[in-house]
Amino acid sequence: MEDKIREVLKTIQFPGYSRDIVSFGMVKGIRVRDGEVEIDLHINTKNQEAAEQVKREVEEKVSSLEGVSRVKVNLTTLSQKEPPKPKAHVSTKSSPFAGQQRIEGVKCVVAVGSGKGGVGKTTVAVNLALALAKKGYSVGIMDADVYGPNVPTMMGIEGAVPRVTEDNKIIPVEVGGIKVISIGFFVEKDQPVIWRGPLVSKLIEQFLRDVMWAPLDILIVDLPPGTGDVQLSLVQKVPVDGGIVVTTPQELALQDARKAAKMFEEVGVPVIGIIENMSYLVCPHCGARIDLFPHAGAKKAAQDMNTKYLGEIPFEPRAAEGSDSGKPVVLYYPDSPQTKAFLELADVVVRETNCIEPVQ
Ligand SMILES: [Zn+2]
C-alpha cells in the first residue's frame, strides 16, 4: 500500500518545478492503518499557496486509490514557523527543517546564483572564494552548476580527478588553498548529461555528504542559472546561510535577478544582496572607467527586493582572458579594481552571514 501511495505521489509536482515531490524529499512520512492514510509533507517554501495546492492534490489523488478510506496530510512550510537560525555544528533534526542537516565541520554555506546565464556568476563565486581564502578563512567551492560546470576551467584544474578513499569519501581537489568539487571532474567534457530530477538530488546529496570538506569556515555553492531543481534540492538538504544574486546592468538580467532573489526568499535563504557584475569597462590603455550600460538598475532592483546592493564589479579584458585560461583575477591580478571589489564583497559576506568570526 505504501509503495502504491508513493507511486501516486511521484506524479505530483511542486508548482513551477519539473520535479515530483517525492524526489524533492518533501514527503517525510507515510503511515497506513486500516485504510486510513497519514502523510507528512514538509515543503521548504514560504509560498503558502503553492504548498496548499500540493496538499490538495495529494489528498485528491491518494483518496482515489482503492482501499483508502481517509487521508490526512500534515503540511509544514516555512510560513508556519520561522526557522531558528541554526548554530554551526548543531543538527536541526527536530525542527520543521527535518531534512536539513548541517555539513559536519562546515560552519557556513553561501550560495551564488543568478537569474540567467552569461552574467559571470561562476567568476564571482570563484573570486569570492579566493578573496575569502586570502583573508585567512578555510574555503571550499561546490560547483553545483550541473548544466555548465565552469569552476575547474576557471581555476585551471580542468581534468583533475578527485581521489576516493576506501570508505567511498571523495577528497576534493585543492587549488589556491581552496577545496573544490565539481561535476566537471566526473563527466567527459562537452558530453551532454541529461539531469533528471532524482539524479540532481542524489548528486547534491553526495556533494554535501560524501566529500571531505571539513574543517571549513565557508562553503561557496555555485548554483546553475535560474530558479530550478538544484536550488530546491540544496535547501531541502542543508541550511543555507546566505544567497548572493549576480546580475549585469542590462534590463533583462535585472528582471531575472529579481526572480532569483525572490526564489532565495521563498525557500528561506536570507538574501545577502545583489551584486552587479561587468558593470563598467576598465580601459586597457589608460585604466579609465567606461560605462557600457545605463546604471543604477541593480541598485534599484535591490531596493525593490528590500535587499542589499553589494556594489559593482568592473569588466577587465585581461582578467576575463585570465578567467578563461584558469587564472582568476584575485590570484593573478591582486592589484586590479576587480580584486579590490571581491575583497570588499568577502567582508560583506562574513558580516552578513554571521556564522564565522571576522579575521583581521
Ligand atoms: Zn583609455
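Q: In which sense do β4 and strand β11 pair?
A: Two strands pair if DSSP finds at least two bridges between them. Strands are DSSP runs of E, at least two residues long, and helices are runs of H or I, at least four; both are numbered from the N terminus. Here β4 and β11 (residues 242–247) pair in the parallel sense, over five bridges. G113 stands opposite V245 in β11. This is a predicted model: local features need pLDDT of at least 70, side-chain atom pairs count only at pLDDT 80 or more, and totals for chains, interfaces and linings use all residues. Residues are numbered from 1 along each chain as its sequence is written.

Q: Which residue does V110 stand opposite in β10?
A: V110 faces I220. β4 and β10 (residues 216–222) run parallel, joined by six bridges.

Q: How many residues of β4 are buried?
A: Buried means 20 or more other C-beta atoms within 10 Å of the residue's own; exposed means 12 or fewer; partly exposed is in between; C-beta atoms are placed from the backbone. In β4 (residues 106–114), nine of nine residues are buried.

Q: Is V282 buried or partly exposed?
A: V282 counts as partly exposed, because it has 19 C-beta neighbours inside 10 Å. V282 lies in strand β13 (residues 280–282).

Q: How far apart are V282 and E316 in sequence and in space?
A: They are 34 residues apart in sequence, and 5.5 Å apart in space, C-alpha to C-alpha. Contact requires C-beta atoms, placed from the backbone, within 7 Å. Leaving aside neighbours within four places in sequence, V282 contacts G287, R289, P314, E316 and P337.

Definitions and conventions. Two residues are in contact if their C-beta atoms, placed from the backbone, lie within 7 Å.
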